[in-house]
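Biologist: I would like to learn how to read helix packing and sheet order in a model. Could you take me through it with an example?

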Amino acid sequence: MTRRWFITGGTPGGFGVAFAEAALETGDLVVLTSRRPHELATWAEQYGDRVLVVRLDVTDTEQVQRAVGAAEEHFGGIDVLVNSAGRGWFGSIEGMNETSMRAMFELNFFAVLSVTRAVLPGMRVRGDGWIVNVSSVAGLVAAPGFGFYSATKFAVEAVTETLRDEVAAQGISVLAVEPGATRTNAYAGFAHEPVSEPIPEYHEMLKQVRAAFVDMDGVQPGDPRRGARAVIAAMAQNPPPRRLVLGNGGFDAVTDTLEAALADIRANETLSRTTDFPA
């Protein structure tokens with residue numbers, strides 16, 4: 001059965017295009033959204049009427065409704081939503097300016113909600129569908145300098161967990177995807193972004209954070225195309241996984257962090273169990 005995909009974050013060299021190509025490889029139809037759709041014109045031509053590129057700023061709720069409506073009208077519905085749009089800024093928890101902090105939540109979290117809530121009614125009517133939320137390893141493993149980015153992705157993880165249980169009875173499946181360091185264009189901008197931090201005590205830490213991302217740009221181990229294909233393979237499993245971590249480094253970081261957290265919780269089990277009223 002041919003599926004109809006709606007994918008956000010369609011920038012050349014990004015995860016959105018990788019998901020679109022993986023879906024097209026299977027014979028499916030794709031609506032790919034982008035703030036700059038002209039950048040995808042040449043790419044889309046090779047697929048003819050199997051691809052529809054739609055202009056969309058996912059932080060604009062009215063545009064979201066129009067884009068979802070255009071996709072449903074063009075292909076007759078949406079079977080798979082991939083929330084792939086997002087980006088990160090670095091800064092300390094204490095010092096990052098509030099504008100950047102709130103902008104990150106608008107893009108990485110509230111926009112995911114807007115698109116998801118716009119797509120779900122059609123899926124409920126059909127009693128079938130997939131929601132794929134592209135989170136990050138940072139949604140399970142917080143890192144200094146990226147605390148607010150991690151907070152947006154932790155929030156995506158929480159919503160994804162709850163949504164999965166809420167819509168299961170409607171025939172809708174939900175998957176969280178946590179990529180590690182992946183060779184997209186996501187790191188390219190860090191080389192041109194100065195460390196903007198009003199508190200001197202954090203300057204050196206943030207310089208090291210930026211330098212690490214600049215050095216990794218273009219040599220990240222993760223392949224976005226392989227990652228997208230792995231997601232499609234996971235969707236075909238019975239039962240499918242609740243989440244899928246992408247990449248060796250990401251897998252190790254996530255499992256090490258969760259095992260350490262569980263050990264820490266268990267180490268204080270006796271104290272935790274003293275806080276209820278006596279039986």
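Modeller: Let's begin with handedness: a crossing is left-handed if the near helix is turned anticlockwise from the far one by less than a right angle, and right-handed if clockwise. Here helix H3 passes helix H4 in a right-handed crossing. Helices (H or I, at least four residues) and strands (E, at least two) are DSSP runs, numbered from the N terminus. This is a predicted model, where local features need pLDDT of at least 70, side-chain atom pairs count only at pLDDT 80 or more, and totals for chains, interfaces and linings use all residues. Residues are numbered from 1 along each chain as its sequence is written, and side-chain values use heavy atoms, with hydrogens and water left out.

Biologist: At what angle do H3 and H4 pack?

Modeller: Two packed helices are described by the angle between their axes and the distance between the axes. For H3 (residues 61-75) and H4, the angle is about 35° and the axes are 9 Å apart. Axes are lines fitted to C-alpha atoms, for helices over the stretch in contact, and angles run from 0 to 180 degrees between N-to-C directions.

Biologist: Which residues of H3 and H4 meet?

Modeller: Contact means heavy atoms within 4.5 Å. Thr61, Val64, Gln65, Val68 and Glu72 of H3 meet Ser114, Val115, Ala118, Val119 and Gly122 of H4. By class, this contact of H3 with H4 has five nonpolar, four polar and one charged residues. Ala, Val, Leu, Ile, Met, Phe, Trp, Tyr, Cys and Pro count as nonpolar, Asp, Glu, Lys and Arg as charged, and the others, Gly among them, as polar.

Biologist: How do the axes of H4 and H5 cross?

Modeller: The axes of H4 (residues 98-126) and H5 (residues 147-167) come within 8 Å and cross at roughly 15°. H4 and H5 are therefore roughly parallel to each other, a label for angles under 35 degrees. H4 passes H5 in a right-handed crossing. By class, the contact of H4 with H5 has 14 nonpolar, three polar and no charged residues.

Biologist: In what order do the strands of the sheet lie?

Modeller: Two strands pair if DSSP finds at least two bridges between them. Seven strands form an open sheet in the order S3-S2-S1-S4-S5-S6-S7, with parallel pairing. The edge strands, S3 (51-55) and S7 (243-246), each pair on one side only. S6 (residues 172-179) and S7 pair in the parallel sense over four bridges, and Ala176 has Arg243 in S7 as its bridge partner.

Technical notes
Angles under 35 degrees count as roughly parallel, over 145 as roughly antiparallel, 65 to 115 as roughly perpendicular and the rest as oblique.
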